[in-house]
Amino acid sequence: MASGRRRALVTGGAGFIGSHLCERLVREGYRVLCMDNLRTGSFENVAHLTAEPAFEYVDHDVTTYIRIAGELDEVYHLASPASPADFERIPIPILKVGAIGTYNALGLALAKGSRFLLASTSEVYGDPLVHPQREDYWGNVNPIGVRGVYDEAKRYAESITMAYHRHHRIDTRIVRIFNTYGPRMRPDDGRMVPNFIRQALAGEPLTIYGEGDQTRSIQYVDDLIEGIFRLMQSAETRPVNVGNPSEHTVREVAGMVLELSGSKSGAVHLPLPVDDPKQRCPDISRAREVLGWEPKVAAREGLERTLRWYRSRSRS
Ligand code: NAD
Ligand code: UDP
């Protein structure tokens, strides 16, 4: 056992972002405990890490009490489904993991004296009336809409994190993640980038919801992991937006995927989901200032890398 090294727990560690974070922490010399119940993640995402003595996988649902033996320096709480396609499919597990799961993860951090990082989301801004979104914007969320289960669970998660910070003096971090994509997103995840890539590679028309003039600012996963890593090392306890401020319409993203993949499959328009935010773009002044962070990977480059991964995966 590699003792003397820092030890971190990553909940949701077998998911898309969690698996990249586990990889980074192992590379940084941490002992990593990856906890997941595989509801939307896959063991395949971390299978390559199991050969590392510093890596351990624990199958556990964080909505039930979390028991861990030994010291724990850091908790990265990422467990939660994140695709809008899941908001109607599994609304109650989403509410439970955001509320009870976060409560359990904070309880563990309190018991172990660990630093705690919450993976929050740009969804706390809802369908924003302020653009771009700064961290001091309180948002525009429909609490009873279908997206509300995710948005409100994350808003509650932020609230209980700050309560533990103030009341129990836990050392906490909150990262507000904006749309992130890259290798290991499930092709059937339902989100924009994996949908478009899967469809382009299968020669199927890309499904643009609505007119496609709603905007998103898409961030490559490596940039996010760098931001999360820096935030955990920093002293910043306020929420920090981590996203790529270069904003694209959904139609533009579809166009880029078609062009980069060489697919001739075109696009079809489907109805816009209820409460789909019209625009989304982070103001990253705080991340620049306190973390010295900004994204490095432009959309075309990131989409190209992601396409390469999906292609190599379909060959294997
Ligand atoms: P993902 O679905 O790939 O990963 C989430 C992981 O959490 C999965 O492995 C899933 O099995 C696990 N999980 C869910 N419920 C659990 C439970 N009760 N107990 C244990 N594990 C559980 O999604 P992702 O995109 O990697 O998202 C990771 C985190 O980042 C989530 O908290 C999400 O809300 C947040 N986030 C992601 C994005 C994005 O664009 N990808 C944007 C904003 C916020
Ligand atoms: N979208 C789309 N086609 C798809 C999937 C998503 O047009 O096949 C749109 C969706 O309506 C939204 C944007 O792409 O406006 C981003 O959706 P995603 O599911 O990636 O995440 P969101 O930002 O809505 O949480």
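**Entry 1: Met 232**

I started at Met 232, which touches Glu 74, Arg 115, Leu 117 and Arg 173, leaving aside residues up to four places away in sequence. I am working from a predicted model. Met 232 sits in helix α6. Buried or exposed, I asked of Met 232? I found 20 C-beta neighbours inside 10 Å, so Met 232 counts as buried. The cut-off for buried is 20 or more. I also checked Met 232 against Cys 22. The two are 210 residues apart along the chain, and their C-alpha atoms are separated by 14 Å.

**Entry 2: the whole chain**

I stepped back to the overall picture. I counted nine helices and 13 strands in the chain. I noted the span of the C-alpha trace along its principal axes as about 55 × 45 × 40 Å. What share of the 316 residues counts as buried? I read 47%.

**Entry 3: the record**

I looked up the UniProt annotation. An unreviewed entry there lists residues 9-305 as "domain: NAD(P)-binding". I took the composition over that range. Residues 9-305 are 37% helix and 17% strand. The end C-alpha atoms of the range are 28 Å apart.

**Entry 4: α1 against α6**

I returned to α6, the helix that holds Met 232. Helix α1 (residues 16-27) packs with helix α6 (residues 221-233) at an angle of about 60°. Their axes are 10 Å apart. That angle makes α1 oblique to α6. I noted a right-handed crossing where α1 passes α6. Which residues of α1 make the contact? They are Ile 17, His 20, Leu 21 and Arg 24. From α6 I listed Val 221, Leu 224, Ile 225, Ile 228 and Phe 229.

**Entry 5: α3 against α4**

Next I took helix α3 (residues 91-112) and helix α4 (residues 148-168). They pack at an angle of about 15°, with their axes 8 Å apart. Angles under 35 degrees count as roughly parallel, and α3 and α4 are therefore roughly parallel to each other. The crossing of α3 past α4 is right-handed. I wrote down part of the contact. Among the α3 residues are Pro 91, Ile 94, Leu 95, Gly 98 and Ala 99. Among the α4 residues are Val 149, Tyr 150, Ala 153, Lys 154 and Tyr 156. Thr 161 of α4 is also in the contact.

**Entry 6: α5 against α7**

I checked one more helix pair. Helix α5 (residues 192-201) meets helix α7 (residues 250-261) at an angle of about 35°. I noted 10 Å between their axes. How does α5 pass α7, in a left-handed or a right-handed crossing? The crossing is right-handed. From α5, Met 192, Phe 196, Ile 197, Ala 200 and Leu 201 make the contact. From α7, I listed Val 250, Val 253, Ala 254, Val 257, Leu 258 and Ser 261.

**Entry 7: Arg 7**

I moved to Arg 7, in strand β1 (residues 7-11). Arg 7 counts as buried because 21 C-beta neighbours lie inside 10 Å. Which residues does Arg 7 touch, not counting residues up to four places away in sequence? I found Tyr 30, Arg 31, Glu 71, Leu 72 and Asp 73. I also took the distance to Thr 161. Arg 7 and Thr 161 are 154 residues apart in sequence and 21 Å apart in space, C-alpha to C-alpha.

I ended with the backbone. Most residues other than glycine have a negative phi, and most peptide bonds are trans. I looked for exceptions.

- A cis peptide bond joins His 131 and Pro 132, with omega about -10°. I placed Pro 132 in the loop between β5 (115-121) and α4.
- Arg 169 has a positive phi, near 60°. I found Arg 169 in the loop between α4 and β6 (172-177). Arg 169 has 9 C-beta neighbours inside 10 Å, so Arg 169 counts as exposed.
- Asp 275 has a positive phi as well, near 65°. I placed Asp 275 in the loop between β13 (267-270) and α8 (285-291). With 16 other C-beta atoms within 10 Å, Asp 275 is partly exposed.

Key. Residues are numbered from 1 along each chain as its sequence is written. Chains are lettered from A and ligands numbered from 1 in the order in which they are written. This is a predicted model: local features need pLDDT of at least 70, side-chain atom pairs count only at pLDDT 80 or more; totals for chains, interfaces and linings use all residues. Helices (H or I, at least four residues) and strands (E, at least two) are DSSP runs, numbered from the N terminus. A residue is buried if 20 or more other C-beta atoms lie within 10 Å of its own, exposed if 12 or fewer, and partly exposed in between; C-beta atoms are placed from the backbone. UniProt positions are given in the numbering used here, feature names are shortened, and annotations may be inferred rather than shown by experiment. Axes are lines fitted to C-alpha atoms, for helices over the stretch in contact, and angles run from 0 to 180 degrees between N-to-C directions. Angles under 35 degrees count as roughly parallel, over 145 as roughly antiparallel, 65 to 115 as roughly perpendicular and the rest as oblique. A crossing is left-handed if the near helix is turned anticlockwise from the far one by less than a right angle, and right-handed if clockwise. Two residues are in contact if their C-beta atoms, placed from the backbone, lie within 7 Å.
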